[in-house]
Amino acid sequence: VSFDAAGNVVVVGRRCALSSEGYATDCVGYVSLLAAADGATIWDRDFGTAVASLVDVVAAEDGMVYAVGSIVGTIVVDSVTVSSVGDGATDAMLLVLDATNGVASWAATASGSSSASSSLVEVVGDAVYMNCLRGCSTIASTASTVTVAKESLLNGGVGGGGVAKFDTMTG
């Protein structure tokens, strides 16, 4: 959960249908912006079953929403295509959306030889940091211009975790 400058609430998570046997099925990752005054939905985005989960979010002062989680497969969000490319079952994912309308701006993934995921995102000044759990050794960004992006995965590698740093404006 995060709050934008107007006090609206940004939430992330996973929505699932319920099978006739009572099991979760067809789960999708989502991001929603809810009005501060009454909790009404301002915008809501589902990202399909390829997004295994979205678990942390920051509504930053730059007017963007930064959400992290895990992805398996490929999703197309507006004009941004995000694919898992690692050898594991999942890749860590960072998805960046415009806070006013939920339109995707850019995305990044971190992958390796085992299932990877991300559980924390933080924006500090002009940089966004995404943690990567379990075996992250390769990062990629959909942004066409990369400045600080792909700078490092600190303490990364097979079986390890790390932190990826990206430029907030370009990915």
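Phe3 has Val9, in strand S2, as its bridge partner. In this predicted model, local features need a pLDDT of at least 70, side-chain atom pairs count only at pLDDT 80 or more, and totals for chains, interfaces and linings use all residues. Residues are numbered from 1 along each chain as its sequence is written, and side-chain values use heavy atoms, with hydrogens and water left out.

S1 and S2 run antiparallel and are joined by two bridges; two strands count as paired if DSSP finds at least two bridges between them. Strands themselves are DSSP runs (E, at least two residues), helices likewise (H or I, at least four), and both are numbered from the N terminus. Five residues lie between the strands in the hairpin of S1 and S2, where Gly7 takes a positive phi near 90°.

Val10 has Leu33 in S3 as its bridge partner, and Arg14 has Gly29 in S3. The hairpin that S2 and S3 form has five residues between them, and Gly22 in the turn has a positive phi of about 90°.

S3 in turn pairs with S4 in the antiparallel sense, over five bridges. Here Leu34 stands opposite Thr41 in S4. The hairpin of S3 and S4 has six residues between the strands, and Gly39 takes a positive phi near 80°. Taken together, four strands form an open sheet in the order S1-S2-S3-S4, with antiparallel pairing. Its edge strands, each pairing on one side only, are S1 (2–3) and S4 (41–46). In a regular strand the side chains alternate between the two faces of the sheet.

The structure holds one disulfide, meaning a pair of cysteine sulfur atoms within 2.5 Å. Cys16 and Cys27 form it, with their sulfur atoms 2.0 Å apart. The pair links distant parts of the chain, eleven residues apart: Cys16 is in S2 (residues 9–18) and Cys27 in S3 (residues 24–34). The link of Cys16 and Cys27 is right-handed, with 110° about the S-S bond. Are these two cysteines buried or exposed? Residues under 20% relative accessible area are buried, those over 50% exposed, and those in between partly exposed (1.4 Å probe, protein chains only). Cys16, at 35%, is partly exposed, while Cys27 counts as buried at 15%.

Buried residues make up 50% of its 171 residues. Its accessible surface comes to about 7700 Å², of which 52% belongs to carbon and sulfur atoms; such areas come from the Shrake-Rupley method with a 1.4 Å probe, and for residues only the protein chains shown count as cover.

A nonpolar core is a set of buried Ala, Val, Leu, Ile, Met, Phe, Trp, Tyr and Cys residues joined through side-chain atoms within 4.5 Å. The largest one has 24 residues, and those with the most contacts inside it are Val31, Phe47, Leu54, Val65, Ile75, Met93 and Leu97. Strands that each supply at least two residues of this core include S2, S3, S6 (64–71) and S9 (91–98). S5 gives the most to this core, with four residues. Apart from it lies another core, of 19 residues, among them Val58, Leu94, Ala164 and Phe166.

Leaving aside neighbours within four places in sequence, Leu54 is in contact (heavy atoms within 4.5 Å) with residues including Val12, Gly29, Val31, Phe47, Ala67 and Met93. Across the protein chain, residues 24 or more positions apart account for 49% of the contacts with a separation of 6 or more.

Thr90 lies in the loop between S8 and S9. With a relative accessible area of 15%, Thr90 is buried. Leaving aside neighbours within four places in sequence, its contacts are Ser70, Ile71, Val72, Ser114, Ser115 and Ala116. Thr90 and Ser111 are 21 residues apart in sequence, and 7.8 Å apart in space, C-alpha to C-alpha.

The protein chain averages a pLDDT of 81, and 81% of the residues score at least 70; pLDDT is the predictor's confidence in each residue, from 0 to 100. Over residues 144–159 the pLDDT is below 50, and this stretch has 42 contacts in the model beyond near neighbours in sequence.
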